[in-house]
Amino acid sequence: MDTLRQLESDQLRSDLPDFAPGDQVRVDVRVREGDKTRIQAFQGIVLQRRGSGYSETFTVRKMSGGVGVERVFPLQSPSVSGIEVMRKGLVRRARLFYLRDRVGKAARVKEKRT
Amino acid sequence: MGLAMMGKKIGMTQRFNERGRAVPVTVIELKPCPIVQRKTKAKEGYNAIQLGIGKRKPSRTTMAMAGHFKKAGLDPMQNLQEFRLSDKEMEELAEATSVDLSMFESGDFVDVTGTSKGRGTAGVMKRWNMHGQKATHGVHEVFRHGGAIGQCATPGRLFKGVKMAGRYGNERSSTQNLAVMDVKPEANLIYIRGAVPGPNNGLVVVRKSVKKGHKKAIV
């Protein structure tokens, strides 16, 4: 097992910022169209971070035309070209699934000020 | 059969493909396997090489086996296995003292043989993938049973080989047509797409795929 964790940790990326559930983030997603790649932004609130190490994923939720859209990104995937934290959220739990049942003003997350 | 190698299953992890998708991979350690014995058509009546892997304490080695290793000029090893070769393959290995993972490259298809994890006494749902019965609708006490196992007065007996509960696992098992995703010669590791029989640290045999050995996977 140690060899395996070692192999994985060698490949972990260090270019990603610290972020937590409740944060407003912009994920720059590498999209491949034919033989061209371009960057597409996906901006929303982080609902959860799941797993650890090389297999960690995170879920981002945004409202798009009145419809909630959630995307799950593997944190270590090369398709996640970058993450920018737009706003730190002040939340009291690690899984923010309650946001799914809320719309409009109720679906807001308090900002964490430091 | 062709040339094959013995190695150790390190475990499973994931890698990302060019589209950024996670792909499950098994890491297998393939250290160079020394050739312990060569069998030839002239002497034994068939062509084969015997490969060894692991270490065995001299105190745990029988005198007969100690002599066998001494003849090859090697320290006692834990496992030995013989692989039948063609005349051509035998010729190619005429000078070799060991076999290493250079026989595999990224994109090859391989078959991996190991000893599956022992599951002890297992019911028919786990062992034979039967469906069991409903959890509700009046079913009682037979939720995980397989159903009928035979007929009535004709034939008045059970046919041989009916699938029932019993010992499951801990038997030789092969997974065929697995693609090699990556080879790391400096660390003696290969990455194979998908799962492989047996527990981590278990002994596995990796060989060129019998069915798709001539084809290449898109990695």
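Two strands are taken to pair if DSSP finds at least two bridges between them, and helices (H or I, at least four residues) and strands (E, at least two) are DSSP runs, numbered from the N terminus. The structure described here is a predicted model, in which local features need pLDDT of at least 70 and side-chain atom pairs count only at pLDDT 80 or more, whereas totals for chains, interfaces and linings use all residues. Residues are numbered from 1 along each chain as its sequence is written, chains are lettered from A and ligands numbered from 1 in the order in which they are written, and side-chain values use heavy atoms, with hydrogens and water left out.

In chain B, β10(B) and strand β11 (residues 189-193) pair in the antiparallel sense over 4 bridges, and within this pairing B:D182 has B:Y191 of β11(B) as its bridge partner. The two strands form a hairpin with 4 residues between them, and B:N188 in the turn has a positive phi of about 60 degrees. Strand β10 (residues 172-184) of chain B is also joined by 6 bridges to strand β7 (residues 109-115) of chain B, the two running antiparallel, with B:V112 standing opposite B:T175 in β10(B).

In chain A, 5 strands form an open sheet in the order β4-β3-β2-β1-β5, with antiparallel pairing. Because β4 (67-74) and β5 (80-87) of chain A stand at the edges and each has a single partner strand, one side of each is left without a neighbour in the sheet. The twist averages 40 degrees from one strand to the next, where axes are lines fitted to C-alpha atoms (for helices over the stretch in contact) and angles run from 0 to 180 degrees between N-to-C directions. The antiparallel strands β1(A) and β5(A) are joined by 6 bridges, and A:V25 has A:V85 in β5(A) as its bridge partner.

Aromatic pairs were counted for rings of Phe, Tyr and Trp (its six-membered ring) with centres within 6.5 Å, planes under 30 degrees apart being classed as stacked, over 60 as edge-to-face and the rest as tilted. By this rule the count comes to 4 aromatic pairs over all chains. One of them is the edge-to-face pair of A:F19 and A:F58, at 5.0 Å centre to centre and with 70 degrees between the planes. This pair links distant parts of the chain, 39 residues apart, with A:F19 in the loop between α1 (2-9) and β1 (24-33) of chain A and A:F58 in strand β3 (residues 57-64) of chain A. Both A:F19 and A:F58 are buried (buried means under 20% relative accessible area, exposed over 50%, partly exposed in between; 1.4 Å probe, protein chains only).

A charge is said to sit over a ring if NZ of Lys or CZ of Arg is within 6 Å of the ring centre and within 35 degrees of the ring normal. A:R71 lies over the face of A:F42, at 5.8 Å from the ring centre, and in chain B the charged end of B:K212 sits over the ring of B:F109, 4.2 Å from its centre.

Turning to backbone geometry, a cis peptide bond with omega of about 5 degrees joins B:T154 and B:P155. B:N170, in the loop between β9 and β10 of chain B, has a positive phi near 55 degrees and, at 54% relative accessibility, counts as exposed.
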